[in-house]
Amino acid sequence: MNEKDTDTIVYKTVSDIEKSNKHYLQAGTDIKMPIQSTIKKFKVTESKTVKAINIFVSYASNDEGEKNCFLKFLKEALNEQQIEFNLKLWEMCEIPIGIEFDSEIKKQLERCDYGFALLSESFLQSDYIMSKELKYLLDKNKLFPIGLVGNKNELEKFIRKNLKREYKKTANKLMSRNIFVSKNSLFFNKCVDDKDKKEFIENLLKDLEFRKSFDKKSNSNLKKVISNKDESYNIEVFFEHAKAEILAIKTETQKLISEHNKSTVKVLDNLFEWFDDDSKSLYALLGDYGMGKTFNLRIFAQKVYEEYKNNQSRPFPFYIDLRDVSSFIETKDGIKRVIKIKEAISEILEQSNNTDITAKDIIKMHQDGKLILIFDGLDEKLVHYTKEQQNRFFNAILSLVKYKKETQKAIKIILSCRNHYFETALEQNSYLLSQQRGNVDSKSFIVANILPLDRDEVKEFIQKRLDSIEDTNRLFEYIESDEYLGKIASRPFMLGKIVELLPVLETLKGSKQKLNSASFYKALIDDTLGRDEKKHFIAKRDKKFILKELAYYMFKNSIQKLNIDKLNNWFLKLVVKDEILKEIYDIKNKKDILEKDLRTSTLLVRFNDSDFGFSHSSIMEYFLALYTIENFNDVSKSKLPSTLTLSFMYESIDSLDKLSKDKLFRDIVNTMPSYNTDWIKVALNILSKLNMHIDSLSIDSANLEEFKFYNLNIKNLKLYKCNLYQSRWQECDINKLILKNSNLNESYFFKTDIKKIENIDSKTSDMTQHKSIIKC
């Protein structure tokens, strides 16, 4: 065959043309999934700058006739495509006379971008193809298998019964790949007429364009997405000891209960069992902060990707860190609404520079069973939403869970979440009770709760982090001697921090300061910010102030990260606005140094090429707690922060100085009537921690059912239109309790002294008749 016969053949894709009926995932290197592009026929135009795609045509000599027919239709179709890139075909009949056969084929195999493997029984019977060409194309991930003669069942039967033993492994590896066939699953020679053959070729070219687009992506995005953002994890020990208990959904109440009849499972093993179970659709990985939800999912995504590289019939992992996407989208009318799943996927694609792929394509691939969606950090979104918004977002994710009748396989989704938020979402969402929707119900879900490290695992973790057995024993004994450290050491993230902070913690314990989450994080942050402080421009005390302001800014705007330009602009505005910072730092001449110092010497990390956020969500929650204490009335106008933030806030109160306690006390007492129910509960908990005498306190229109009033010393307490059903009152001293339209039915009073009660209306029960009252 001369050069004219095999000259450059060209075509171009058009994004707005209807997509192919047949999409096959062939290969790839990027966790940000490129999706099939489309093709439309155009007149041939010339292109001088486009890069060629070299195709090695591998076929059996017995199939010469079918091969020629295939190439004839291929060339005709390609000549009708507008130019996007050059397609150069090479087949063995092009070897010049006198040239060594084997060396030329080897050279062309190395040179090619893809190998068209034209499959038939004769193809599988060729010793040269099986031992040289096919083996090379498989090993180098260049294989593009095409059904030429027969059908897939016939080939599989031939492999089982007639293929030489030494080629069975290679053949099975070939058959595990997605083989291109017609939309009716026919090989080329089974196409009835020219129309079917043209359609076969057109769809083939669409899949080739998809393969080209997919393979063009680099490995860097994958590594960025699933790389661990915090280096304190020890991969080997963490991988070995991450275990979980399987939970069941109690459908009457939609509560999670432990399945005692099931043994403890290893997280990654269990994930892969679920992955291979075609009847299971959703895997929810639960655990409190620092238990390793993100770490396990990143390791899982990495391993799934490695499997995919060796077997393109496996689904590809598309990892979505929900910290990396917006919580709300602002409409043209200026109205903020909850982000849609397609919009979240679009943001992830944009961050990874996958501009030629759409969220619609991602979802299509997912619904075709060629992609697994991983939503990491559901709580990172739910914490910013109202109950109605939480329900809407959670249901949007679950709506992607379906069962494909054609393949009898469930469409798979993984999500991770803190326990509390997932249970709340279950209570609000009726989806899981539906037995009819897409043949998927709660039985097709797996809910796994990551278990804390046990005593032996904690010691082994420490031993792998420290070189010395003596240091290991010393640290282990130190952890076991303290109740709080013993508790948090069961969390891998926190255990890693304990190892780093041992000298600091010993000093802290020696000062007899109470060790709790707040004091631990304070020590952690002081140690982090104190490292090489003299080398940096921004003082440690100012960094703390800046990070508190940033935590509140991000909380108020429901974001977990900031683009570098927005971060710099926010920071410069803060410095200009704050009189102290403005006086200390020379914005005009030191702008670049200040911006760099903020990013490199604080607790912020880079998430991708241009976005920054707190290194761990719990770090942001700690700084938000400190900001809330100092600016309670401002924050109380916002939504309620996370449970962990509130815990940090309560624990930090003991270490406040007198001026700070007095300010917090005045803020709460003077503005209590303006709070909503959630913030009233928080304010009452703070007042019980402050343990200060209150002259007068008014609470209006609050639902305090089953709320525990504790350690309150109040001269006059006024409760208007409050639901106090089954409330608990413990160790309270109240001179006068004024009730109006408030329900105290079945309330309990323990070691509580109420000297006088006024304005009890008909809706309030006679407290003296309650047998549950111990002292009133």
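Colleague: How many aromatic pairs does the count come to?
Modeller: The count comes to 28 aromatic pairs; rings of Phe, Tyr and Trp (its six-membered ring) pair if their centres lie within 6.5 Å, with planes under 30 degrees apart called stacked, over 60 edge-to-face and the rest tilted. Mind that this is a predicted model, where local features need pLDDT of at least 70, side-chain atom pairs count only at pLDDT 80 or more, and totals for chains, interfaces and linings use all residues. Residues are numbered from 1 along each chain as its sequence is written, and side-chain values use heavy atoms, leaving out hydrogens and water.

Colleague: How do the rings of Tyr-552 and Tyr-627 pair?
Modeller: Their centres are 4.4 Å apart with planes at 10°, so Tyr-552 and Tyr-627 are stacked. Tyr-552 is in helix α23 and Tyr-627 in helix α27 (residues 617-630), so the pair ties together parts 75 residues apart in sequence. Helices (H or I, at least four residues) and strands (E, at least two) are DSSP runs, numbered from the N terminus.

Colleague: And are Tyr-552 and Tyr-627 buried or exposed?
Modeller: Both are buried, meaning under 20% relative accessible area, with exposed over 50% and partly exposed in between (1.4 Å probe, protein chains only).

Colleague: What about Phe-707 and Phe-709?
Modeller: Those ring centres are 5.1 Å apart and the planes at 90°, so the pair is edge-to-face. Phe-707 counts as buried at 10% relative accessibility, and Phe-709 is buried at 1%.

Colleague: Switching to strands, why is β17 largely enclosed?
Modeller: Six of the six residues in β17 (residues 445-450) are buried, so the rest of the structure largely encloses that strand.
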